[in-house]
Protein chains: 2
Amino acid sequence: MKDILKDLNKAFENRVRLGIMSALIVNEALTFNDLKSLLGVTDGNLASHIKSLEKSKYVSYIKSFIDRKPNTEYRVTELGKKAFESHLSAIERLLKG
Amino acid sequence: MKDILKDLNKAFENRVRLGIMSALIVNEALTFNDLKSLLGVTDGNLASHIKSLEKSKYVSYIKSFIDRKPNTEYRVTELGKKAFESHLSAIERLLKG
DNA sequence: CAGAGTACTTTGTAACACAAAGTTATCTAA
DNA sequence: TTAGATAACTTTGTGTTACAAAGTACTCTG
């Protein structure tokens, strides 16, 4: 496969993961439920996509209790931010021929 | 699923199809072999992705013989152009929060 | 300890991506 | 008229992915 496609990061090909990344770049920190209602996906589906982004070290989390409820905050890592940016610029290059 | 993701067109989620559409929007008309070497994919893979875009009426083709060789020219349809543009603007909206 | 809420994990299934090999069609050259 | 070349597919098989639904673990309150 040529570079023109190779530069597109497969981790961001899926719409849910694209949504997670965009949301986290815009919002800095979001909970599981924030993402769930923002994206409108099921628990399991969201969890698995988050997990794959964690595995790539693109997303990190901090667990705590807030208002006596479990609260997991997700953030993009520096690596994630960079990877996402270069994915976007790969798309731009693609579109400009 | 929320609108934020629903506006992303699943037909363009795949990298190869994204590449085909971009190439055809920039280039107006390309042959099977043009696309094949541009994207660096196998015959079968390319054919199946083109077929799915044809099925959505996003791409059309004209078959002929040029230089005594079979020549299939692919183009984006108006529908395809519009669909692709609104996909891109959905991505933009997503990124701007 | 029951119940509620968050955040998962497991399970099962259907869709998808892809390479490799096989097929069809139309030409040229002998 | 038939063998060979090339383009453009189609078929087949396999591994990967996406997803919903159901189940589980944890930690709180009453």
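Trainee: How many cavities of 30 Å³ or more does the structure hold?

Mentor: This is a predicted model. A cavity is counted here where a 1.4 Å probe fits but cannot get out. At a volume of 30 Å³ or more, the number of cavities is one.

Trainee: Which residues are the closest to the centre of the largest cavity?

Mentor: The largest cavity holds about 190 Å³ of space. Its lining is made of 18 residues. The closest to the centre are A:Phe12, A:Glu13, A:Leu18, B:Phe12 and B:Glu13.

Trainee: Which elements give two or more residues to the lining of the largest cavity?

Mentor: By class, that lining has eight nonpolar, five polar and five charged residues. Both chains contribute helices that give two or more residues. These elements are H2 and H5 of chain A, together with H2 (15–27) and H5 (78–95) of chain B.

Trainee: What is the area buried between chain A and chain B?

Mentor: The two chains meet through 26 residues of chain A and 25 residues of chain B. In chain A, A:Glu13, A:Arg15 and A:Leu95 lose the most area to chain B, together 29% of what that side buries. Carbon and sulfur atoms give 66% of the area buried between the chains, which is about 2,300 Å².

Trainee: Which residue of chain B meets the side chain of A:Glu13 in a salt bridge?

Mentor: Across the interface, the rule finds two salt bridges. A salt bridge requires a side-chain nitrogen of Lys or Arg within 4 Å of a carboxyl oxygen of Asp or Glu. For A:Glu13 the N to O distance is 3.4 Å, and the partner is B:Arg15.

Trainee: Which element gives the largest share of the side of chain A that touches chain B?

Mentor: The elements that give two or more residues to this side are H1 (3–6), H2 (15–27), H3 (32–39) and H5 (78–95) of chain A. The largest share is six residues, and the element that gives it is H2(A).

Trainee: How many charged residues are in the lining of the largest pocket?

Mentor: The largest pocket has about 220 Å³ of space. H5 of chain A and H5 of chain B each supply at least two residues of its lining. Among the lining residues are A:Glu92, A:Lys96 and B:Glu92. By class, the lining has six nonpolar residues and no polar ones, and the number of charged residues is three.

Trainee: Which element gives the most to the lining of the second largest pocket?

Mentor: This pocket has a volume of about 160 Å³. Its lining includes B:Phe32, B:Asp34, B:Lys69 and B:Thr72. With four residues, the element that gives the most is S3(B).

Notes
Residues are numbered from 1 along each chain as its sequence is written. Chains are lettered from A and ligands numbered from 1 in the order in which they are written. This is a predicted model: local features need pLDDT of at least 70, side-chain atom pairs count only at pLDDT 80 or more; totals for chains, interfaces and linings use all residues. Side-chain values use heavy atoms; hydrogens and water are left out. Contact means heavy atoms within 4.5 Å. Buried area is the accessible area (1.4 Å probe) that two parts lose on being put together, summed over both. On a 1 Å grid over the protein atoms alone, a cavity is a set of points where a 1.4 Å probe fits but cannot get out, and a pocket is an open set with protein on both sides within 12 Å along at least five of seven lines; lining residues have an atom within 4 Å of a point. Grid points are joined across faces, edges and corners, and a volume is the space filled by probe spheres set on the points. Ala, Val, Leu, Ile, Met, Phe, Trp, Tyr, Cys and Pro count as nonpolar, Asp, Glu, Lys and Arg as charged, and the others, Gly among them, as polar.
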